[in-house]
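Visitor: I would like to learn how one reads a protein model, step by step. Could you guide me through some of its features?

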Amino acid sequence: MNDPTGGDGDSVVGTLTKKDFTSANEVRWCPGCGDYAILATVQSFMPELGIAPDDTVFVSGIGCSGRFTYYMDTYGIHGIHGRAPAIATGIATARPDLNVWVVTGDGDALSIGGNHLIHALRRNVNLRILMFNNQIYGLTKGQYSPTSEEGKVTKSTPFGSVDHPFNPIALALGAEGTFVARTIDNDRQHMTQVLREAAAHRGSAFVEIYQNCNVFNDGAFDALREKPQGVHNQIRLEQGQPIVFDEGRRCVSVGENGRLVITEVENTLKDRIVTHDRHGRPSLAFALAHTAGHGPTEPTCIGVFREVERPVYGEAMTDQIKLTTDRLGHGDLQKLLGSGDTWTVA
Amino acid sequence: MTKQVEQRDHVVIRFAGDSGDGMQLTGDRFTSATAVLGNDLATLPDFPAEIRAPAGTVHGVSAFQIQFASQEIMTPGDHPDVLVAMNPAALKAELKLVEKGGTIVVNQDAFTQRNLEKAGYGSNPLQDGTLDGYHVYPVPMTSITVRAVEELGLSRKEAERSKNMFALGLVSWMYGRPVEVTLNWLEAKFGDKPQVYDANAAAFKAGYNFGETTELFSVRYEVKPAPVAPGTYRNISGAAALAWGLVAAGNRAQLPLFYASYPITPASELLHELSRLKNFGVLTLQAEDEIAAAGIALGASFAGHLGVTGTSGPGMDLKAETLGLAVALELPLVVVDVQRAGPSTGMPTKTEQSDLLLSMFGRHGESPMPVVAARSPSHCFDAAIEACRIAVTYRTPVILLSDTFLGNSSEPWRIPEVDELPTIDANFASGPNAGQEFMPYLRDDRLARPWAVPGTPGLRHRIGGLEKDESGAISYDAENHQRMTDLRAAKVARIAEDVPELEVDDPDGDAEVLVLGWGSSYGSIQAAARRVREAGRSVAVAHLVHLNPFPRNMGDVVTRYPSVLIPEMNMGQLALLVRGRYLVDARSVTKVEGLPFFAEELETEIMKVVDG
């Protein structure tokens with residue numbers, strides 16, 4: 001077979017820098033957009049993986065997030081609305097040697113592309129999916145999105161939205177996602193750590209990034225991303241650690257009927273405080289996804305909710321081909337064409 | 001008693017029964033035995049969309065027609081010489097196709113009061129004169145089958161299930177088909193289930209021996225092998241030929257084949273066939289929907305595979321968005337449309353050629369795309385290779401049109417030598433193409449852009465649905481958009497330089513009428529033209545494989561003849577294109593009845609024009 005890449009995909013990479021992942025294209029998001037911070041963090045983080053930009057692919061859909069692909073100096077496809085996970089599934093399945101990332105938004109991934117997202121997650125395709133959630137349609141100038149809160153007043157909902165929003169983390173968990181995490185656009189350190197863990201995961205890694213749209217939905221995440229209240233409201237999930245936040249004052253504990261509740265540490269029995277276990281049953285992660293009832297305006301979990309191992313889609317497919325080939329030998333086309341009943345005319 | 005043997009040039013047999021009676025299998029096995037005998041043949045499976053329609057009803061009837069001959073034939077035949085009806089409903093549904101004087105073999109046991117009522121018969125057609133003028137052979141197929149297998153300890157229901165093998169045995173005797181082909185197949189299929197094998201083999205032999213021994217049948221028929229070019233032959237269905245053509249294209253291009261598809265009648269056969277061929281390195285993926293299937297195939301192409309997706313009409317609607325993206329990305333992608341009767345769900349198991357204009361124009365914006373159509377079951381193999389060749393060479397999505405009739409029917413095929421198949425050059429980009437730079441939309445002399453696969457050092461680039469300039473940069477510049485639109489159109493138009501001219505078959509050289517066809521109506525048109533010529537008239541025939549672009553001599557051909565007649569199983573789609581493009585007053589012959597044209601229908605239409 002053709003080997004277009006002239007190698008095995010393991011580029012030997014010396015000292016990669018942010019510059020190696022930064023394309024010459026002028027970045028054209030609105031000044032002040034949270035996307036700038038995400039782009040800078042991703043570009044700064046990529047060299048750490050030691051994977052050449054030549055072996056890296058970014059795939060995006062439509063929306064403000066879709067432009068991300070043009071700003072990364074890697075291979076890339078800026079696709080169609082909602083379909084990035086499907087296109088990326090083709091790439092990652094065909095070429096397990098590539099480092100494939102999907103960049104999408106709340107409208108792209110959860111509305112028009114909902115089907116592709118959930119199926120990529122259940123298949124466990126080897127993709128890192130970054131979903132920028134700004135709870136608004138930005139590129140179309142301000143309609144409510146599938147993550148906008150009920151009552152949201154926008155151009156298309158002048159009397160307030162009557163739609164109930166998705167909880168993206170709960171959705172990803174429900175879709176059997178094997179790596180489900182959340183981070184915040186302006187917290188470079190936290191995002192870098194989440195990206196690091198997402199990159200190390202084998203299979204689909206879903207990362208929701210709270211992203212401020214300063215033009216159409218400014219301040220949606222202020223309770224988490226701004227000082228000083230962010231410190232009080234960020235519930236940082238750490239594997240194996242008791243879930244305590246607000247500078248040690250509050251915690252997530254087990255309340256009546258096993259419900260998770262937020263309580264004062266000093267009023268909580270130590271053994272009622274929940275210890276985070278991202279490898280355990282999905283019910284804990286699901287409950288943690290719901291600590292904030294009405295979106296990120298109150299204490300909200302960030303970090304890795306869940307991480308489990310499952311066979312990786314492309315690898316399983318390649319294994320089937322290998323096993324069948326071992327059993328039957330390499331297919332001989334001439335023999336195939338002549339299989340079954342034939343007759344010869346002299 | 002000694003049976004008389006009569007010679008026949010060609011015979012049409014139609015097997016009909018309940019959906020659960022196994023008529024498709026019976027027809028398929030008869031076809032295999034016929035193929036091995038060296039007759040030319042053409043088949044027409046005709047079945048309902050319901051998997052198990054209510055038993056015994058007319059709309060649950062499943063039929064399989066085969067024409068076989070000692071000469072070249074082009075169609076499954078208009079009217080059966082022999083109808084095998086396994087129950088009253090089958091007789092009711094199919095009798096209208098049989099002309100007076102035809103032969104009708106019925107399973108007499110099935111003509112019970114209850115079954116007659118279910119079929120809507122007020123009285124028994126075997127007794128009330130309905131079948132006057134036909135040669136009728138009532139055979140108690142069920143009861144003889146049950147007796148033949150009674151030693152095997154099967155339940156009555158299980159025993160009765162083999163009655164289709166009895167019918168196959170009987171008809172095999174009538175037409176001198178070799179028994180070994182069927183017995184070998186049963187052995188291969190049921191070798192590990194001895195009881196099932198024994199029951200089917202016993203029923204088959206009982207049917208064969210019934211013909212041999214009973215006085216009911218005094219004549220058997222012989223159809224000699226058809227004279228054909230030397231070579232090794234096999235029988236092949238359109239679905240298998242198309243699947244193998246895709247595999248062959250991957251082989252010739254040295255590209256892994258990646259087939260992504262969502263189940264849909266009648267295209268699922270492709271997914272099934274390709275899914276079996278894992279040891280050929282074929283990747284198959286059953287996607288979550290039609291849109292994803294197209295996107296996944298396109299992604300695979302970007303990654304350096306031969307990305308193919310397949311569907312039928314309803315799926316084409318959904319894939320349109322991705323096809324538009326593929327036009328903009330200028331990546332190889334083959335989309336197989338096994339057409340079926342529409343609109344909407346339409347008639348999923350019935351054939352039609354009504355997606356031509358959809359293929360040509362069914363996308364927003366100026367988004368030209370090559371279109372290739374297969375014309376016969378075995379030609380699906382060549383058409384698949386050709387679609388892939390164009391897609392890879394020109395970095396473009398290509399629509400490959402097949403249809404229900406082509407997919408399901410079969411014909412003998414001279415097995416080609418793989419080494420003699422067309423080669424396809426993937427010609428991946430390996431280095432910069434503009435000084436030290438790589439420009440993803442800088443074109444070669446065919447106007448094709450470079451295919452630079454991820455992992456290739458130094459050729460990183462971003463492509464997408466937004467308009468670009470040569471460098472790959474997004475451009476909303478007015479002149480650039482005009483230029484890129486012109487270039488995309490010119491690239492597709494230029495493919496005409498690279499495909500054969502349209503051949504015209506005009507043996508007398510003085511024809512005034514050209515019959516122009518495309519796709520699966522090929523056989524009917526050829527057969528009709530032959531009849532017209534046998535009647536002493538002249539007619540020219542041409543058949544399109546390339547629908548976009550048209551062959552470069554198309555304009556000459558359609559303007560050369562005073563009359564152009566275009567038969568197609570739609571409401572006149574090719575005719576619209578020809579009239580629009582060449583200002584020719586082409587006449588349409590159209591039919592959308594879910595079945596191919598009858599040769600006699602077209603003969604009549606051609607004669608009308610020829611005789612003015």
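Guide: We shall go through domains, then a strand with its partners, and then a whole chain. This is a predicted model, in which local features need pLDDT of at least 70 and side-chain atom pairs count only at pLDDT 80 or more, while totals for chains, interfaces and linings use all residues. Residues are numbered from 1 along each chain as its sequence is written, and chains are lettered from A and ligands numbered from 1 in the order in which they are written.

Visitor: Which domains does the assignment give for chain A?

Guide: Domain bounds come from an automatic or database domain assignment. For chain A it gives domain 1 (18-241 + 276-337) and domain 2 (244-274), and their centres, taken over C-alpha atoms, are 29 Å apart.

Visitor: How many residues of domain 1 of chain A are in contact with domain 2 of chain A?

Guide: Two residues are in contact if their C-beta atoms, placed from the backbone, lie within 7 Å. Here ten residues of domain 1 of chain A are in contact with seven residues of domain 2 of chain A.

Visitor: What can one say about whether strand β5 of chain A is buried or exposed?

Guide: Strands (E, at least two residues) and helices (H or I, at least four) are DSSP runs, numbered from the N terminus. A residue is buried if 20 or more other C-beta atoms lie within 10 Å of its own, exposed if 12 or fewer, and partly exposed in between, with C-beta atoms placed from the backbone. In β5(A), residues 179-184, six of six residues are buried; F179(A), A181(A) and T183(A) cover one side, and V180(A), R182(A) and I184(A) the other.

Visitor: Which strands are joined to β5(A) by bridges?

Guide: Two strands pair if DSSP finds at least two bridges between them. Six bridges join β5(A) to the parallel strand β6(A), residues 205-210, where V180(A) has F206(A) as its bridge partner. Four bridges join β5(A) to the antiparallel strand β11(A), residues 300-307, and there A181(A) stands opposite V304(A).

Visitor: How many residues does chain B have, and what is its radius of gyration?

Guide: The radius of gyration is taken over C-alpha atoms, and the globule rule is 2.2 Å times the number of residues to the power 0.38. Chain B has 612 residues, for which a compact globule would have a radius near 25 Å, so its 26 Å agrees. Chain B has 20 helices and 23 strands, and 56% of its residues count as buried.
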